[in-house]
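Subject: Structure for you to look through

Hello,

Here is the structure I said I would pass on. Please open it and keep it beside this message while you read.

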Amino acid sequence: MARNKRAIPEINAGSMADIAFLLLIFFLVTTTMDVDKGINRKLPAWDEEEQVDPPKLKQKNIFTVLVNSNDQLLVEDEYLSLDQLRRKAKEFIDNNGDGSCEYCRGLRNPESSVNPGKAIISLQNDRGTSYDMYIRVQNELVAAYTELRDELANRMYGKNFEDCGADAKKFIKEVYPQFLSEAEPLNLG
Amino acid sequence: MGHLVKKKKKELPPVSTASLPDIVFMLLFFFMVTTVMREVDLKVENTKPKATEIQKLERKSLVTYLYVGAPKSKYQSLVGTEPRVQLNDKFANISDVGPFVIEEREAINEAERPLMTVSIKADKRVKMGIITDIKQELRKAQALKINYSSTPAASADDIYKDY
């Protein structure tokens with residue numbers, strides 16, 4: 001009788017921690033923590049037939065940025081270094097030549113864009129441009145828009161664009177829409 | 001008196017380690033939930049460019065990755081040194097990008113297909129020619145939402161230097 005009464009010995013849980021550590025280390029090694037980040041862009045839809053009648057744009061509303069195969073910048077027909085690009089782009093977008101943008105604080109230069117809704121940045125690169133340079137230029141141009149949007153958001157709501165509510169964001173996007181067009185690359189060398 | 005003597009003899013009980021497995025399991029689950037399994041074996045060089053205007057990619061299940069770069073040295077004898085596209089685990093031609101993206105899109109639930117993003121993970125040393133060709137392929141495949149994968153730069157000056 002006594003034999004039957006004997007309880008089954010408890011399983012030793014002391015090694016549980018070791019097993020769990022082993023699993024933990026396995027997952028640490030096989031997984032990646034890096035969150036994917038990058039510059040979001042939207043490509044234009046593909047058109048089979050050539051555009052018969054391309055929309056007519058005034059030259060003063062286009063901000064041309066050319067990057068050659070030596071990673072040099074030509075902005076509005078003048079040679080520019082990368083750290084000047086952001087300021088130039090901001091001046092161009094915020095210019096407000098016709099005065100229709102009441103939130104802009106531009107210089108109102110008659111030779112530059114009429115208002116942010118019409119201002120288009122045109123980026124053209126060479127096939128030999130390095131990807132690094134291309135991303136830097138893209139980054140600067142996006143940064144120009146971000147800075148303008150942030151400045152407006154701070155003036156109106158006292159916070160950055162990213163922290164604004166959906167309505168405020170929509171409004172600011174209407175004031176400063178992002179027009180960044182990319183032309184087919186050249187092969188100038 | 002007997003009472004007092006007994007009390008003095010009592011030692012500090014050892015810290016219980018019974019909850020250690022629970023703590024470790026908690027950590028384990030945290031890592032399992034927050035991380036993603038390394039999906040592909042990178043066969044191309046991949047140093048991402050730096051940028052400041054970056055956005056996080058949400059919803060990993062809707063993201064398709066394209067790797068572009070010069071083949072790593074151990075593959076150079078097979079495929080050469082020119083930058084190549086890597087789709088999943090193998091080298092591919094640029095013309096394979098379109099069908100690959102379409103196939104990936106088919107796998108996504110229909111309602112969410114327009115939200116699909118193609119993340120271009122290109123090495124910063126590649127030239128724009130190959131990137132442009134890929135972009136044309138993506139346009140033809142109607143995969144218009146793209147993301148140029150880059151690493152966050154500390155400040156804008158970080159971007160201007162060594163240019």
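Predicted model: local features only at pLDDT ≥ 70, side-chain atom pairs only at ≥ 80, totals over all residues.

**Chain A**

The secondary structure of chain A consists of five helices and seven strands. Followed along the sequence, the pattern is α-α-β-β-β-β-β-α-β-α-α-β. Of the 189 residues in chain A, 29% are buried. Among the contacts in chain A between residues at least 6 apart in sequence, 58% join residues at least 24 apart.

The strands to look for form an open sheet of five, in the order β5-β4-β3-β6-β7 of chain A, and the pairing is mixed. By way of background, strands of a sheet pair through backbone hydrogen bonds, either parallel or antiparallel. At the edges of the chain A sheet are β5 (78-80) and β7 (180-182), each of which pairs on one side only. On average, neighbouring strands of this sheet are turned by 30° against each other, ignoring direction. One pair to find on screen is β4 (residues 73-75) and β5 of chain A, which are antiparallel and share three bridges. There, A:V75 has A:E78 in β5(A) as its bridge partner.

Next, find helix α4 of chain A, residues 131-157. Is α4(A) enclosed or open? Since 19 of its 27 residues are buried, α4(A) is largely enclosed by the rest of the structure. Just after α4(A) comes A:G158, which takes a positive phi of about 75°.

**Chain B**

Strand β4(B), residues 63-69, and β5(B) are antiparallel and pair over three bridges. In that pairing, B:Y67 has B:Q86 in β5(B) as its bridge partner. Strand β4(B) also pairs with β7(B), in the parallel sense and over six bridges. Here B:V63 stands opposite B:T117 in β7(B).

Strand β5(B), residues 84-87, has both faces covered. On one side are B:R84 and B:Q86, on the other B:V85 and B:L87, and all of these are buried. As a general point, side chains in a regular strand alternate between the two faces of the sheet. Three bridges also link β5(B) in the antiparallel sense to β6(B), residues 90-92. In this pairing, B:L87 is opposite B:K90 of β6(B). The hairpin of β5(B) and β6(B) has two residues between the strands, and B:N88 takes a positive phi near 50° there.

Strand β7(B) is mostly covered, with five of its six residues buried. It runs parallel to β8(B), to which three bridges join it. The bridge partner of B:V118 in β8(B) is B:I146.

**The nonpolar core**

Which residues have the most contacts inside the largest nonpolar core? This core has 55 residues, and those with the most contacts inside it are A:V65, A:A89, A:I93, B:L66, B:V68, B:I120 and B:I134. Its largest share, 13 residues, comes from α4(A). To see the surroundings of one of these residues, select A:A89: apart from neighbours within four places in sequence, A:A89 is in contact with A:F63, A:I121, A:E140, A:L141 and A:A144.

**Where the chains meet**

How many residues of each chain are in contact with the other? The contact involves 46 residues of chain B and 43 residues of chain A. Several elements of chain B each supply at least two residues to the side that touches chain A, including α2 (20-34), β7 (117-122) and α5 (128-140). By type, the residues on that side of chain B are 27 nonpolar, nine polar and 10 charged.

Two places show the meeting of the chains in detail.

Is A:L24 buried or partly exposed? A residue needs 20 or more C-beta neighbours within 10 Å to count as buried. Because A:L24 has 19 inside 10 Å, A:L24 counts as partly exposed. Leaving out neighbours within four places in sequence, its contacts are with B:V24, B:L27, B:L28 and B:F31.

Regards

How values were computed
Residues numbered from 1 in each chain as written. Chains lettered and ligands numbered in written order. Helix = DSSP H or I, 4+ residues; strand = E, 2+ residues; numbered from the N terminus. Expected span 1.5 Å × (residues − 1). Buried ≥ 20, exposed ≤ 12 C-beta atoms within 10 Å, placed from the backbone. Contact = placed C-beta atoms within 7 Å. Nonpolar A, V, L, I, M, F, W, Y, C, P; charged D, E, K, R; others polar. Pairing = 2+ DSSP bridges. Axes fitted to C-alpha atoms, helices over the stretch in contact; angles between N-to-C directions. Core = buried A, V, L, I, M, F, W, Y, C linked by C-beta atoms within 7 Å.
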